[in-house]
Amino acid sequence: MQQGTLMRKVKSKSWKKQRYFKLQDDCMTIWYQSKRTGKIESAFSISDVETVREGHQSEVLQSLAEEFPPERCFTIVFYGRRGNLDLIAGSAEEAQCWVQGLRQLIEPRSFPLTFALVSRTWIRDWFQKADKNKDGRMNFKEVQRLLKMMNVDMNEDHALRLFQVSTAPEDLERLGRGWRGWNKLHNIALQKDVFASFCLSVRPSQLEDEGTEELAMELIDKYEPSETARARHALSADGFLMYLCSPEGSIFNPRHRVLWQDMNQPLCHYFISSSHNTYLIEDQIRGQSSIEGYIRALKRGCRCLEVDCWDGPNGEPMVYHGHTFTSKIPCREVVSTLGKYAFKVGHPSPAGGADPQKLGIPGDSKSHGGDGHTNVPTSPSPTPQELKHKILLKGKKIGRLEDTLDGPGDEAPDVSDDDNGAEAEEERRRVKVVLGDGAPIGGTKCGPALQKDKESLAQALSDCVIYCKSVSFRGFQEARSHSRPSEISSLAEAKARKLIRDAGNEFVRHNTWQLTRIYPSGMRTDSSNYSPQEMWNVGCQIVALNFQTAGTEMDLCDGLFSQNGRCGYVLKPPFMRDEETLFNPSDPGSREGPGPITLTIQVISGQQLPKVANSKDGAVIDPLVRVEIHGVPADQARQETKYIENNGFNPRWDETLQFQLHVPELALVRFVVEDYDKTSRNDFVGQFTLAFANIKPGYRHIHLLSKDGTSIPPSSLFVHIRITE
């Protein structure tokens, strides 16, 4: 890899160009250049790589399957929404060298090593970007440029003095230490008893365990990088920073990162991570359809997917947005992708592989490793635990669902109705795919063959609908009288809002025993999103969002479902699971339980904040922090700090923000860093969102995420959290 390899970079069947790829000496950066011109085209950091896929695991490489064998093909997948890099090596041996080498470089390490590595990688990445002539050294002009790139506004004379003693990459940190306010702890080593006193001073908010000195020793052994300091039972500045930046120092309670909720409640008692038109990775009219949409959604813990099937060439079903100009992908590829990725997040399939419930391609299930049969349900209201490693279909059904449960009755078969009215045009042809706990609940629109008339629904597809029978919503009273827990209704966002306004408590009660799915307005052709919070406030379980569109709405979705092992299921609070509940989100007093609580947040400082995307050379951000509360209407609030001029490296605010929460069980807290601009809208810098229930009080670090939800280490905020009743 360090010697360099000539490979084909592929973008389409016709665009296949040779590029020279080389791993740099630092083992942290890969450059590639054109074979013809020798010009360096691009470079990427190993830290940007999420995973490496072998073989034909992209649409582009699949289209070249007859031309190039899978042993020579691989795909480099980057974090976030950055496009994948499809490569074809000259031989299977060369491909394996890069695949295995990259996997070794990106494999997870223990947290303390990761923290140290992240810091070194961050410094070295900036050094290489500032080293314009690529000679491995930096002149003073390059150092000045580097400081601006790192969001440091330093006096030129002071920078020159530091430059004279800091000329190698590993010494760059000295520049920062020499700058005002770098770190007063730099030359401090905390003895065990002093560190224990610190631990004691922040109890009970910081710690929950007894034995303060014992805990202090445990943390020193875990986070202190210096053997000498460990032998002295002391914690150096580096060790203390590692502790503060560790999972134990995070604002997110580590006990809630894993599966911690009861998974034996009925499906309707959970919020379920759900996507809309999952196959689209761009807009709704001309956007690209791609299996990457499914892979990305599933990796984010999504449990409800949509697969819109239409008649294709030679009768093979194709997936795309019907009656639009979006591109098409074979349904066969979608099914294969779901089989590979459905259970990798939250609850991976056991060794040997689970047999996912077949996705309802009549007459074709055997070609995907199935036997064409559907498991008969044993309960009209299953739990996520019972559905573990299973895939469900939501859709129309011939006859009654009870016939599946109890055997055929005397009633003549009929096709279940779907939503009616103009707002349900999207739903008219829709069959959903649902995954259990570790499986997605998804959806498929089936095209012309299914929309001509009721009788055209294929029996084989109907038989796959065993839990989520799609029914029209004709009012809460009608639903209570005639609907069953095994049925589901879909509502457009506008209709849902009207029901929230007119009958909030009835909506909450309805969602205690039946599933409700909300989908975006058909007017959102740009794939924008509505606020999911108002739908969660009344207990709607399947709130479908356009996962491809970054923004506040997806931040809230990621924030809610980042808990509970990222399994895609979050248990609703008790007052939203009681069929006789009096709760109405517009009246917080209707919630049974303790009174309002006070959330006090001291925003202390920021660390190594990123540059604003596409900012001018030499620009240094003026950061401010805004804290937003998303919840019931009475709790909706936002407050922000003042901005710090020209300091994105280590800004200090020392400001206290306070919020009163009437329904904390439904509250999400979003921390946003922006670059202040007095003449136009502030620019986004970073954010982090989490459910209030997952906040751990005390001195905490908040590790910021980019606009598309990926980490941007080592950028963080340092805060103190206090919660009082």
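At what angle do helix H11 and helix H12 pack, and how far apart are their axes? In this predicted model, helix H11, which spans residues 291-299, packs against helix H12, which spans residues 331-341, at an angle of about 20°. The axes of H11 and H12 lie 10 Å apart. Since angles under 35 degrees count as roughly parallel, the two helices are therefore roughly parallel to each other. The crossing of H11 and H12 is right-handed. On the side of H11, the contact is made by Ile 291, Tyr 294, Ile 295, Leu 298 and Lys 299; on the side of H12, Glu 333, Val 334, Thr 337, Leu 338 and Tyr 341 take part. The residues of this contact comprise seven nonpolar, one polar and two charged.

The helix pair belongs to a protein chain of 725 residues that contains 20 helices and 30 strands. Of the residues in the chain, 54% count as buried. Among contacts in the chain with a separation of 6 or more, 67% are accounted for by residues 24 or more positions apart.

Salt bridges were examined next. The structure holds 22 salt bridges. One of them joins Asp 48 to Arg 82, with the closest N and O atoms 3.8 Å apart. This pair links distant parts of the chain, its two members being 34 residues apart. Asp 48 is placed in the loop between strand E4 (40-45) and strand E5 (49-54), and Arg 82 in the loop between strand E6 (73-78) and strand E7 (85-88). Asp 48 has a relative accessible area of 31% and is partly exposed; Arg 82 is likewise partly exposed, with a relative accessible area of 35%.

A further salt bridge is formed by Arg 480 and Glu 579, whose closest N and O atoms are 2.9 Å apart.

Arg 670 and Glu 628 are both buried.

Leu 87 lies in strand E7 and is buried, with a relative accessible area of 1%. Phe 74 is 13 residues from Leu 87 along the chain, and the C-alpha atoms of the two residues are separated by 5.6 Å. When neighbours within four places in sequence are left aside, Leu 87 is in contact with Met 7, Arg 8, Lys 9, Phe 21, Leu 61, Arg 72, Cys 73, Phe 74 and Ile 76.

Several features of the backbone complete the description. The peptide bond from Pro 713 to Pro 714 is cis, with omega near 5°. Pro 714 is part of strand E30 (residues 711-724). Positive phi values occur at His 323, where phi is about 60° although the residue is not a glycine, and at Asn 646, a residue other than glycine with phi near 50°. His 323 is situated in the loop between strand E13 (317-319) and strand E14 (329-330). The relative accessible area of His 323 is 65%, and this residue is exposed. Asn 646 occupies the loop between strand E25 (637-640) and strand E26 (652-661); at 26% relative accessibility, Asn 646 counts as partly exposed.

Technical notes:
Residues numbered from 1 in each chain as written. Predicted model: local features only at pLDDT ≥ 70, side-chain atom pairs only at ≥ 80, totals over all residues. Heavy atoms only, no water. Axes fitted to C-alpha atoms, helices over the stretch in contact; angles between N-to-C directions. Helix = DSSP H or I, 4+ residues; strand = E, 2+ residues; numbered from the N terminus. Parallel < 35°, antiparallel > 145°, perpendicular 65-115°, else oblique. Left-handed = near helix turned anticlockwise from the far one by under 90°. Contact = heavy atoms within 4.5 Å. Nonpolar A, V, L, I, M, F, W, Y, C, P; charged D, E, K, R; others polar. Salt bridge = Lys/Arg side-chain N within 4 Å of Asp/Glu carboxyl O. Buried < 20%, exposed > 50% of the residue type's maximum accessible area, 1.4 Å probe, protein only.
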